[in-house]
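Thanks, everyone. I'll take a few minutes on charged side chains and how they pair up. Have a look at the structure first.

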Amino acid sequence: QYQVTATAEKGEHEIKVSVNGKELQQVMTLIIVDKWTFDPQECSPNIRLEQNCSEAVLCAENSGSGLSVLGKFGMRSGNHQWKLRIAGKTVGVGVTTKPFRRYKQDNDQAYYWYGCDSYRYPLGPRNKTKHEAFTGFKANEILRFNLDCDAHTVTITTGNGNQDTITNLPDQEIFPYVAIGSVSNRCMFVSES
């Protein structure tokens with residue numbers, strides 16, 4: 001039996017068990033978060049984080065530097081869900097791994113869908129493929145994400161129920177990913193409440 005107190009520090013915690021003074025192998029990893037947020041340390045310089053880092057907005061266009069940001073916490077196992085609201089047309093959403101190239105506009109290690117069209121970039125723009133069945137997403141729509149680390153998939157569900165899945169994600173720590181392409185466009189995590 002395990003007990004986690006409300007005062008536990010946010011972040012990733014390794015839980016181990018000892019029996020008769022002998023430590024057993026790791027049984028689980030616990031990630032404690034109040035809500036989804038973006039990571040100021042993994043944020044392009046032209047993106048400003050607002051609302052306690054739950055919202056990202058592009059302040060200045062600069063095609064020579066990256067325009068993207070990662071979620072604060074990464075996941076290695078299990079099933080994880082989050083929601084994003086997109087305010088603007090040129091926003092990419094999905095997942096990525098580290099090390100993260102925040103100074104490169106086209107992140108070739110990201111797996112993501114881009115802006116109000118039916119394109120997804122499973123390995124970055126060099127390998128983009130069009131999914132005819134996926135109609136893209138609209139500005140101000142709430143998008144739901146389901147990351148299954150064990151199956152190595154991430155699924156997006158739009159407000160009208162349209163879905164698309166990227167498969168064969170790498171067996172690494174996976175982070176929520178947002179790329180913003182036009183000034184004043186923004187993206188925000190939406191709480192489950």
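The item I want to talk about is a network of salt bridges that links Arg48, Glu50, Glu55 and Arg186. Keep in mind that this is a predicted model. In general, side chains of opposite charge can pair when their charged atoms come close. The count for this model comes to 5 salt bridges.

I'll go through the network pair by pair. Arg48 forms a salt bridge with Glu50, and their closest N and O atoms are 2.6 Å apart. Arg48 has a relative accessibility of 40%, so it counts as partly exposed.

Glu50 also forms a salt bridge with Arg186, where the closest N and O atoms are 3.0 Å apart. Glu50 sits in strand β6, residues 47-50, and Arg186 in strand β18, residues 186-190, so this pair ties together parts that are 136 residues apart in sequence.

Which residue does Glu55 form a salt bridge with? The partner is Arg186, and the closest N and O atoms of that pair are 2.3 Å apart. Here, too, distant parts of the chain are linked: Glu55 is in strand β7, residues 55-58, and Arg186 is in strand β18, 131 residues away.

That leaves accessibility for these last two residues. Is Glu55 buried or exposed? Its relative accessibility is 12%, and the cut-off for buried is under 20%, so Glu55 counts as buried. Arg186, at 22% relative accessibility, counts as partly exposed.

To recap, Arg186 pairs with Glu50 and with Glu55, while Glu50 pairs with Arg48 as well. That's it from me.

Key:
Residues numbered from 1 in each chain as written. Predicted model: local features only at pLDDT ≥ 70, side-chain atom pairs only at ≥ 80, totals over all residues. Heavy atoms only, no water. Salt bridge = Lys/Arg side-chain N within 4 Å of Asp/Glu carboxyl O. Buried < 20%, exposed > 50% of the residue type's maximum accessible area, 1.4 Å probe, protein only. Helix = DSSP H or I, 4+ residues; strand = E, 2+ residues; numbered from the N terminus.
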